Amino acid sequence: MNRLFTFGCSFTKYNWAMWPELVNFEYKPSEYYNFGRCAAGNQYIAHQVALANQIHKFTTDDMVMICWTHMFRKDWFEPYGVGETDGGWQCNGNVFNPGGLNFYIDKRLYILEDFLAKDLLTISNTIKLLETTKIPNHQMQITSVFETTGDGHGIFDNDVLSHPETKPLLEYCQPKIGLPYDNFIDTHDVWFRYFPEDAKKHVADYHPMPEHHMEYLSKVCGMSFSDATVTAAKKCQDYTFEYIRKHRDEESYKDFNLVFQDYDDQDMPSYEMGLCLSLENFRD
Amino acid sequence: MTNVQRLFLFDNDNNEIEKILNSLQPLECFKFGQTGAGNSYLSHVFNLANIEHKISHNDVVIMFWSNFNRWDWFIDFKWSNEGDTNKGGKYNSLLNSDLDQIEHCMSRDITHMYAVMKYLDFVGARHYHQMLDFTMFTKLKFDNIICKSQKSISEYIRTKLTKIERIGYDN
């Protein structure tokens, strides 16, 4: 593998090492670019792929890996920002989440089939770009992108999925995208192993831990991992939970995410926290 | 231009199609698009056409891209192409002017246009592209540090844009 390019939402880049870190650690590409971004939608992801292709000129020696996200997201490019936000792409996650730019979107535009049609276009364009140019690639998904709207907001009925405007694109895309994480990974199980008390309250971060990613990459992308990677992933996972345990204030922070998000400078996590991000920090 | 077997036309507004047909005289012609179509819709029908007809190096593809300030809506199992947002429309009028900026629409559209153009480049089809308002690109400023990243794709697209009426005469 010459260069590794990875794209996705928070399943791709988060507060601890996600799947790109495992691939990078195992396969040691000459260059590694992770374009993952929390709360990104598929439009943002596709745009980053096009941009990276134009700037870095993907070749057949590279590997491009994309993890598609929920379709019920809207990304906006705002060069000068809106309200108090900075300029650039605004990614707010699921449109039903309160806050951010979702506040500005008229709810009458939350049209199920419209989200489906636009993500089908976005995803099929991207896959076509890579397949036609024979760029080695893996397509993944955090949930069943074309069958559910994500985050528990309903599912599409057959009328939408079998419509002449959607069916050909679905049939083109679906076989090329690997099984979704939630088909066989329960992201709570590892969390509850480290924090059994949370099982009673059924609270856990739903982002996969390193051992989940390893299982997913093995099953869906056919990757195998050396002992060195397995060991580093385990150490990283242990360290991450230790960090959470140490900094978690269950009384005031019922939301464990705040352990990571409540630091002073969003761009500069502390050294201690930053260790969670890369397997390289745990290499023997 | 000679030996045009299949011609694929993607049109947003009944652009000089008759003139093109007379000039190229293809054996087969497939026309897609409709008045008021935006670039999302045009990319969508391109993908459907490509799946059905498998566009190849023997084909000629002509794309009349629309302006950036259009939204296409897939509602009640059909596309609603309401044209320019400043002209209103049932769904366009629900867009928030704070969000619906030309830079956003450009970022959305150039992703699609880039994918279509790159694909046609790779399969070796002869392909020609025109925008309804060619000056849209020249009006946009990429000086803003945030917009600089868009510049590389935009420049690629700009090199592909031409005046369609010249096809058949220049070649």
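Helix α2(A) crosses helix α3(A) in a left-handed sense, a crossing being left-handed if the near helix is turned anticlockwise from the far one by less than a right angle, and right-handed if clockwise. The model is predicted, so local features need pLDDT of at least 70 and side-chain atom pairs count only at pLDDT 80 or more, while totals for chains, interfaces and linings use all residues. Residues are numbered from 1 along each chain as its sequence is written, and chains are lettered from A and ligands numbered from 1 in the order in which they are written.

Within chain A, helix α2 spans residues 42-56 and helix α3 spans residues 112-132; helices (H or I, at least four residues) and strands (E, at least two) are DSSP runs, numbered from the N terminus. Their axes come within 9 Å and cross at roughly 25°, where axes are lines fitted to C-alpha atoms, for helices over the stretch in contact, and angles run from 0 to 180 degrees between N-to-C directions. The two helices are therefore roughly parallel to each other (angles under 35 degrees count as roughly parallel, over 145 as roughly antiparallel, 65 to 115 as roughly perpendicular and the rest as oblique). On the α2(A) side the contact is made by A:Asn42, A:Gln43, A:Ala46, A:Val49 and A:Asn53, and α3(A) contributes residues including A:Ile123 and A:Leu129; residues are in contact if their C-beta atoms, placed from the backbone, lie within 7 Å. By class, this contact has 4 nonpolar, 6 polar and 1 charged residues (Ala, Val, Leu, Ile, Met, Phe, Trp, Tyr, Cys and Pro count as nonpolar, Asp, Glu, Lys and Arg as charged, and the others, Gly among them, as polar).

In total, 38 residues of chain A are in contact with 35 residues of chain B. On the chain A side, α2, β4 (73-78), α3 and α5 (167-173) each give two or more residues, and α3(A) provides the largest share, with 11 residues. That side divides into 19 nonpolar, 11 polar and 8 charged residues.

Turning to chain B, an open sheet of 4 strands has the order β2-β1-β3-β6, with parallel pairing; strands pair if DSSP finds at least two bridges between them. The edges are β2 (28-32) and β6 (126-131), each pairing on one side only. Strand β3(B) is joined to β1(B) by 4 bridges and to β6(B) by 6 bridges. B:Leu9 stands opposite B:Ile62, and B:Met63 faces B:His129 in β6(B). In β3(B), 6 of the 6 residues are buried, so this strand is largely enclosed by the rest of the structure (buried means 20 or more other C-beta atoms within 10 Å of a residue's own, exposed 12 or fewer, and partly exposed in between, with C-beta atoms placed from the backbone). B:Val60, B:Ile62 and B:Phe64 point one way from β3(B), and B:Val61, B:Met63 and B:Trp65 the other way.

Elsewhere in chain B, β4 and β5 run antiparallel, joined by 5 bridges, and form a hairpin with 2 residues between them.

Notes
Contact = placed C-beta atoms within 7 Å.
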